[in-house]
Amino acid sequence: MTPLDLDPEGYLRDLSHWSPAVAEQLAQREGIALTARHWQVLQALRDFYRQFQLSPANRPLIKYIAQTLGPELGNSLQLNLLFKGAPAKVGAKLAGLPKPDNCL
(Lines give C-alpha, C1' and ligand atoms only; values in the text may rest on other atoms or scores of the structure.)
Protein backbone atom coordinates (compact mmCIF):
# COMPACT_ATOMS: atom_id res chain seq x y z
CA MET A 1 0.00 0.00 0.00
CA THR A 2 1.16 3.48 -0.89
CA PRO A 3 1.35 5.87 2.06
CA LEU A 4 -1.45 8.44 1.89
CA ASP A 5 -0.94 12.15 2.56
CA LEU A 6 -3.79 12.76 5.00
CA ASP A 7 -4.71 15.61 7.31
CA PRO A 8 -5.06 14.89 11.06
CA GLU A 9 -8.70 13.80 10.55
CA GLY A 10 -7.86 11.34 7.78
CA TYR A 11 -8.95 13.37 4.73
CA LEU A 12 -6.75 13.56 1.64
CA ARG A 13 -4.66 16.73 1.60
CA ASP A 14 -4.56 16.72 -2.23
CA LEU A 15 -7.89 15.77 -3.78
CA SER A 16 -6.21 14.94 -7.09
CA HIS A 17 -4.52 11.94 -5.42
CA TRP A 18 -7.86 10.12 -5.12
CA SER A 19 -8.39 6.86 -7.02
CA PRO A 20 -10.48 3.75 -6.44
CA ALA A 21 -7.42 2.14 -4.83
CA VAL A 22 -7.10 5.13 -2.47
CA ALA A 23 -10.81 4.81 -1.63
CA GLU A 24 -10.21 1.15 -0.72
CA GLN A 25 -7.32 2.15 1.58
CA LEU A 26 -9.39 4.86 3.24
CA ALA A 27 -12.33 2.48 3.67
CA GLN A 28 -10.05 -0.11 5.24
CA ARG A 29 -8.91 2.53 7.76
CA GLU A 30 -12.59 3.12 8.60
CA GLY A 31 -13.34 -0.60 8.89
CA ILE A 32 -15.62 -0.56 5.84
CA ALA A 33 -15.62 -3.15 3.04
CA LEU A 34 -16.79 -1.27 -0.05
CA THR A 35 -19.75 -2.75 -1.90
CA ALA A 36 -21.46 -1.74 -5.15
CA ARG A 37 -23.80 0.48 -3.11
CA HIS A 38 -20.85 2.28 -1.52
CA TRP A 39 -19.33 2.90 -4.95
CA GLN A 40 -22.62 4.33 -6.24
CA VAL A 41 -22.73 6.80 -3.36
CA LEU A 42 -19.03 7.67 -3.66
CA GLN A 43 -19.45 8.42 -7.37
CA ALA A 44 -22.53 10.54 -6.63
CA LEU A 45 -20.56 12.43 -3.95
CA ARG A 46 -17.78 13.13 -6.44
CA ASP A 47 -20.37 14.31 -9.00
CA PHE A 48 -21.95 16.59 -6.38
CA TYR A 49 -18.53 18.07 -5.56
CA ARG A 50 -17.75 18.64 -9.26
CA GLN A 51 -21.08 20.39 -9.70
CA PHE A 52 -21.19 22.52 -6.53
CA GLN A 53 -17.52 22.69 -5.39
CA LEU A 54 -18.38 21.56 -1.87
CA SER A 55 -18.98 18.39 0.09
CA PRO A 56 -22.64 18.05 1.08
CA ALA A 57 -23.83 17.87 4.66
CA ASN A 58 -26.19 15.02 5.61
CA ARG A 59 -29.51 16.52 4.48
CA PRO A 60 -28.33 17.70 1.05
CA LEU A 61 -26.51 14.38 0.62
CA ILE A 62 -29.64 12.34 1.36
CA LYS A 63 -31.71 14.51 -0.99
CA TYR A 64 -29.11 14.30 -3.78
CA ILE A 65 -28.74 10.52 -3.47
CA ALA A 66 -32.55 10.11 -3.50
CA GLN A 67 -32.75 12.23 -6.66
CA THR A 68 -29.86 10.58 -8.48
CA LEU A 69 -29.89 6.98 -7.22
CA GLY A 70 -33.46 6.60 -5.96
CA PRO A 71 -35.21 6.66 -2.59
CA GLU A 72 -34.26 3.07 -1.67
CA LEU A 73 -30.63 4.20 -1.30
CA GLY A 74 -31.24 7.91 -0.72
CA ASN A 75 -32.57 7.73 2.81
CA SER A 76 -30.91 8.29 6.15
CA LEU A 77 -31.20 4.68 7.31
CA GLN A 78 -29.42 3.20 4.29
CA LEU A 79 -26.72 5.87 4.19
CA ASN A 80 -26.11 5.59 7.94
CA LEU A 81 -25.74 1.82 7.60
CA LEU A 82 -23.28 2.17 4.71
CA PHE A 83 -21.15 4.84 6.35
CA LYS A 84 -21.22 3.93 10.05
CA GLY A 85 -23.67 6.63 11.13
CA ALA A 86 -21.82 9.53 9.49
CA PRO A 87 -22.63 9.43 5.77
CA ALA A 88 -21.60 13.00 4.92
CA LYS A 89 -18.35 12.89 6.88
CA VAL A 90 -17.20 9.33 6.12
CA GLY A 91 -18.61 9.39 2.57
CA ALA A 92 -16.69 12.58 1.75
CA LYS A 93 -13.52 11.09 3.23
CA LEU A 94 -13.78 7.90 1.16
CA ALA A 95 -14.69 9.87 -1.98
CA GLY A 96 -11.49 11.90 -1.56
CA LEU A 97 -13.36 15.13 -0.84
CA PRO A 98 -12.90 17.77 1.85
CA LYS A 99 -14.74 17.40 5.13
CA PRO A 100 -18.20 18.99 4.87
CA ASP A 101 -18.13 22.46 6.44
CA ASN A 102 -20.75 21.85 9.11
CA CYS A 103 -19.52 18.43 10.32
CA LEU A 104 -17.88 18.30 13.73
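Here is a short chat about how some labels for this predicted model are reached.

User: What makes this a protein of helices, going by its secondary structure?
Analyst: The count comes to five helices and zero strands. Read along the sequence, the pattern is α-α-α-α-α.

User: Where does His-38 sit, and why is it called buried?
Analyst: His-38 belongs to helix α2, which covers residues 36-52. Its relative accessible area is 5%, and buried means under 20%, so His-38 counts as buried. Across the whole protein, 43% of the 104 residues get that label.

User: How do you know that the side chain of His-38 has a polar contact with Leu-82?
Analyst: A polar atom of that side chain lies 2.9 Å from the backbone oxygen of Leu-82. The cut-off for such a pair is within 3.5 Å, so the pair passes on distance.

User: Which residues is His-38 in contact with, leaving aside neighbours within four places in sequence?
Analyst: Those are Ile-32, Ala-33, Leu-82 and Phe-83. To be called a contact, heavy atoms must lie within 4.5 Å.

User: What share of the protein's contacts between residues at least 6 apart in sequence join residues at least 24 apart?
Analyst: That share is 56%.

Key:
Residues are numbered from 1 along each chain as its sequence is written. This is a predicted model: local features need pLDDT of at least 70, side-chain atom pairs count only at pLDDT 80 or more; totals for chains, interfaces and linings use all residues. Side-chain values use heavy atoms; hydrogens and water are left out. Helices (H or I, at least four residues) and strands (E, at least two) are DSSP runs, numbered from the N terminus. Buried means under 20% relative accessible area, exposed over 50%, partly exposed in between (1.4 Å probe, protein chains only). A polar contact is a pair of N or O atoms within 3.5 Å; within protein, one must be able to donate a hydrogen and the other to accept it, and residues adjacent in sequence count only if both atoms are side-chain atoms.
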